[in-house]
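Hello,

I am passing a structure on to you, with some notes on what turned up in it. Please have a look at it first, and then read on below.

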Amino acid sequence: MSRMRCAISGIGHRSRTWISEVAKTYSDVAEIIALCDPVPGRCHDMCAAFGLSAEEYSDYDAMLAAARPDLVIVTSPDHVHAGQIVKAFHAGCDVASEKPLCLTPEEGNAILAAERECGKRLFMGFNYRHIPLCTRIREVILNGEIGRPVSMNLSWYLDYKGHGASYFRRWHRLMKNSGGLLITKAAHHFDLANWFFGDYPESVSALCAQNFFGRAGGKMHAARCRECSEGPACEFYSDIADLEKRSNELNYEIGAVRGYDGDRCVFSEDSDIYDTMALLVRYRNGGILSYTLDASVPFEGWNLAINGTKGRLETGITDNKPFPGWQEKFQIVDKKGRTIGGKEARVTSWPSEYTIHVMPHSGLDRLHRVPNLPGGHGGGDYRIFNALFRKAGTADDRIGVFAGALDGMASMMIGWGANRSARTGLPVRLDALDRWLPERPSANPDRPA
Ligand SMILES: NC(=O)c1ccc[n+]([C@@H]2O[C@H](COP(=O)([O-])OP(=O)(O)OC[C@H]3O[C@@H](n4cnc5c(N)ncnc54)[C@H](O)[C@@H]3O)[C@@H](O)[C@H]2O)c1
């Protein structure tokens, strides 16, 4: 059997995971025949790192025309996803896209229309669905343990020093590139909410602000750390000269990362994305999601509660996200406020399992224990690659874990609508989805026919 011929667009942080998996785990069924990045050195470095003999391109159209891949893997920045996906379909390729699918309803419409017209398929990289805890939540809901979900509280926390800051150092800090955290990051979270509800969103209202990073922080001394007089005295200092070390931390394992724009001041005055976000989403079948996302939290994690017609479930994850020096900052105090532990004390360790607490209206509470698997995104990455390259689990996908273009559009629409609502102060209807959904009466009495 011939191997799947894969081309990858955008040779940065995320592409490395895809390339590593294809090269090391799936080389019997897939091969990487082409890499594309406008910074050509990146393709070269990646080929060298994995011993690939792939063709290197700086122009996407040229790559499609010459390489003729079966599958295009889109790991480029968010604002170029739509154009590249549509072109790939028209070139006769299937597509695996990283989140978010795209940034606007118009782009979503173009992608779904092209997928239909060309008879090709988009595999949406929603790896969070494959995290064992998330898969189990969906199973608990489908098993009827809490009845039909009617409301959901989801709070997501980004570690201010690591993950949160990283979005303000790079291209994500501009709305035009990423749609802000409500699209580039929360695409995962809204997809989970849509999946848990088993429904599509209808309208959204949002309040958002920039409180900590960007201009709001008021601490910008230079555009980039490499030019800044504050240097390592700043807790957000990013040493571009030490990028090789940092790139290894980021999992690149490339000798030299060329053209990397990773040391923008996190307080850059041009940054126009929010770091504090709260929204309400109404679903077509009556469900209501309340969601918050904060990027200035001392740890990483999330809390979720879902109320159903027959009970409630609660779960969440608190990750220990160490950064250099964090242990020195930590103190344990006794009841009288005396310090009894400090350096080297650990707040939490990487847990070996998570729990889902189910509280049925009648009967006893239940605790589901879910192992925390090693590997990217709690094992989620492994499962998604296995599905794409070996079709593992796709034939008997009882819980609908594999996501496509419509799922990508539905999650993006919430972030897009929330950004618009935050600007206008008004609720935003997500009508662009109507065209793609099966006809069905709305359960919401105030929805016009
Ligand atoms: N699923 C996940 O968990 C996950 C994790 C990280 C990133 N992502 C997604 O992966 C994508 C890439 O993110 P990243 O962190 O790797 O960013 P990155 O900045 O590390 O890499 C992006 C690369 O794309 C290149 N690029 C820029 N314009 C391009 C174009 N027109 N065509 C081709 N390449 C172009 C850049 O030069 C860079 O090398 C984003 O869409 C991001 O949201 C997903």
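**The nonpolar core**

The largest nonpolar core has 125 residues, and the members that touch the most others are L35, I137, F196, L279, L289, Y291 and F389. Here a nonpolar core means a set of buried Ala, Val, Leu, Ile, Met, Phe, Trp, Tyr and Cys residues joined through side-chain atoms within 4.5 Å. Helix α15 (residues 405–424) gives the largest share of this core, nine residues. Domain 1 (4–124) and domain 2 (129–213 + 271–375 + 403–436) both contribute residues, so the core lies between them. The domain bounds come from an automatic or database domain assignment. Helices (H or I, at least four residues) and strands (E, at least two) are DSSP runs, numbered from the N terminus.

Before going further, please note that this is a predicted model, in which local features need pLDDT of at least 70 and side-chain atom pairs count only at pLDDT 80 or more, while totals for chains, interfaces and linings use all residues. Residues are numbered from 1 along each chain as its sequence is written, and side-chain values use heavy atoms, with hydrogens and water left out.

**The ligand**

Which residues come nearest to the ligand? Among the 28 residues around the ligand, they are R14, D37, R42, D78 and E98. A residue counts as near if one of its heavy atoms lies within 4 Å of the molecule or strand in question. By class, this shell holds nine nonpolar, twelve polar and seven charged residues. In that count, Ala, Val, Leu, Ile, Met, Phe, Trp, Tyr, Cys and Pro are nonpolar, Asp, Glu, Lys and Arg are charged, and the others, Gly among them, are polar.

There are polar contacts to look at too (pairs of N or O atoms within 3.5 Å; within protein, one must be able to donate a hydrogen and the other to accept it, and residues adjacent in sequence count only if both atoms are side-chain atoms). A polar backbone atom of G10 is 3.5 Å from a nitrogen atom of the ligand. For K99, a backbone N or O atom lies 2.9 Å from a ligand oxygen atom. The side chain of W171 has an N or O atom 2.8 Å from an oxygen atom of the ligand. On its own the ligand has 850 Å² of accessible area, and the protein covers 87% of this. Such areas come from the Shrake-Rupley method with a 1.4 Å probe, and for residues only the protein chains shown count as cover. Helices α1 (13–24) and α4 (81–90) are the elements that give two or more residues to the shell.

**Backbone details**

K99 has a further feature: a cis peptide bond joins K99 and P100, with omega about -15°. P100 sits in the loop between β5 (94–97) and α5.

R68, in the loop between α3 (60–67) and β4 (71–74), has a phi near 45°, a positive value in a residue other than glycine. R68 counts as exposed because its relative accessibility is 54% (buried means under 20% relative accessible area, exposed over 50%, partly exposed in between, with a 1.4 Å probe and protein chains only). K391 is not a glycine either, yet has a positive phi of about 60°; K391 lies in the loop between α14 (380–390) and α15.

Is L406 buried or exposed? This residue of helix α15 counts as buried, at 19% relative accessibility. The C-alpha atoms of L406 and L112 are separated by 7.1 Å, although the two are 294 residues apart along the chain.

A113 belongs to helix α5 (residues 105–118) and is partly exposed, with a relative accessible area of 27%. A66, in helix α3, counts as exposed at 53% relative accessibility.

Best wishes
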